[in-house]
Amino acid sequence: MDIIINKCTPEQLKEKPKDMHHLPFGRFFTDHMFLMKYQDGEWGQPQIIPYQPFTLDPACAVFHYGQEIFEGMKAFYSQNGSINLFRPYENAKRFNRSAERMCMPTVDEELFVKAIKELIILDKEWVPKEKGTSLYIRPTMIATEPAIGLHSSAEFYFYIILSPVGPYFKAGFNPTKIYVASQHIRAAPGGTGEAKTGGNYAGTLSETEIAKKQGYSQVLWLDSIERKYVEEVGTNNIAFVVNEEILTPELDGTILHGITRKSVIQLAKDLGYKIKETKIELRKLLEQIENGECTEAFGMGTAASISPVGELFYKGKTYQINNFEIGKITQHLYDELIGIQTGEKPDKYGWIEKII
Ligand code: COI
């Protein structure tokens, strides 16, 4: 189905951020958004409209039972002037897997990608060109049926908004400090940990606030049964370099299937590194940090990209990794990934989808 485009009037156009070199994460939004509504068992007319607030009934299911899903993606301005998406069909597929888990209607993958492309073409002036910046894309689906009884909503909005962004962490591409959760868990087997749904994130906020007060920007979550194995950070997946081998927690149903994670696994193998998806026992890992066997740690996510980790904090004790410096493998993988995303390095994988 064709997407109807209803452009902003000149008065509706917004002022762009003045300092594109120091963009905050997710504070500015572009002129237009995509919107498609679901009612009576089918999706209605897809449309691009001026960016605007929704007027929603306070009884909508999303406000009460959190029936919602989202994706995180990025478009990059490349050296040759083109604008590229990174593996957008992977996001479309994951969005639909989340939809199925959360009892929501799926979206045609071609339309998902086409909507993003058309929206970006219209708002192309918002794609930042500065090093370390990108256009963050947030496809979202919310349950909009106004009914308070607990049941799956019969009405939904699927919408996409765009935000020019700088690095997710204030530190930029510099080591961050991570607080290992000691009170709460993020996800349990059979739960929704694998789905990209708001509740997974809301549940992490209280311990994250505790961590922040102690100077830690993120929380590393442990498994919910034994509180023994490392899972993920919530904003991103995690990897450790131990005895020259990259280890990342295996996907066991509670961890998000990160697209950056998947790409890093492929890149690492092709660059000649040993990489293993496995169970990582926290106690053993902390010993390996202390005795120098664990030499690097890094996060992997769309917003976070590849982000070096310089310190873990667990139950009152700090564990510094690689003297709080960026490790060689982390730097190598970052350069390769960013190189492909920004068109500075050849994309032998076909991961780049050129928009214009
Ligand atoms: C992303 O990396 O795109 C995410 O959705 C994580 C979010 C906490 C910013």
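In the predicted model, a polar side-chain atom of Arg138 lies 3.4 Å from an oxygen atom of the ligand, a polar contact being a pair of N or O atoms within 3.5 Å.

The model is a prediction, in which local features need pLDDT of at least 70 and side-chain atom pairs count only at pLDDT 80 or more, whereas totals for chains, interfaces and linings use all residues. Residues are numbered from 1 along each chain as its sequence is written, and side-chain values use heavy atoms, with hydrogens and water left out.

The residues surrounding the ligand are Phe70, Gly72, Tyr136, Arg138, Tyr168, Lys196, Thr235, Thr302 and Ala303, each with a heavy atom within 4 Å of the ligand. By class, this shell comprises four nonpolar, three polar and two charged residues. In this scheme Ala, Val, Leu, Ile, Met, Phe, Trp, Tyr, Cys and Pro count as nonpolar, Asp, Glu, Lys and Arg as charged, and the others, Gly among them, as polar.

Two residues were examined for their backbone angles. Most residues other than glycine have a negative phi. Ser305, although not a glycine, has a positive phi of about 60°. Ser305 belongs to strand 16 (residues 305–314), strands being DSSP runs of E with at least two residues and helices runs of H or I with at least four, numbered from the N terminus. Ser305 counts as buried because its relative accessibility is 11%, the limit for buried being under 20%, with exposed over 50% and partly exposed in between (1.4 Å probe, protein chains only). Arg227 likewise has a positive phi, near 55°. Arg227 is placed in the loop between strand 11 (218–220) and strand 12 (237–242), and its relative accessible area of 39% makes it partly exposed.

A further loop position is that of Gly350, between helix 8 (328–341) and strand 18 (352–354). Gly350 is classed as exposed because its relative accessible area is 59%. The C-alpha atoms of Gly350 and Thr204 are separated by 35 Å, and these residues are 146 residues apart along the chain.

How values were computed. A polar contact is a pair of N or O atoms within 3.5 Å; within protein, one must be able to donate a hydrogen and the other to accept it, and residues adjacent in sequence count only if both atoms are side-chain atoms.
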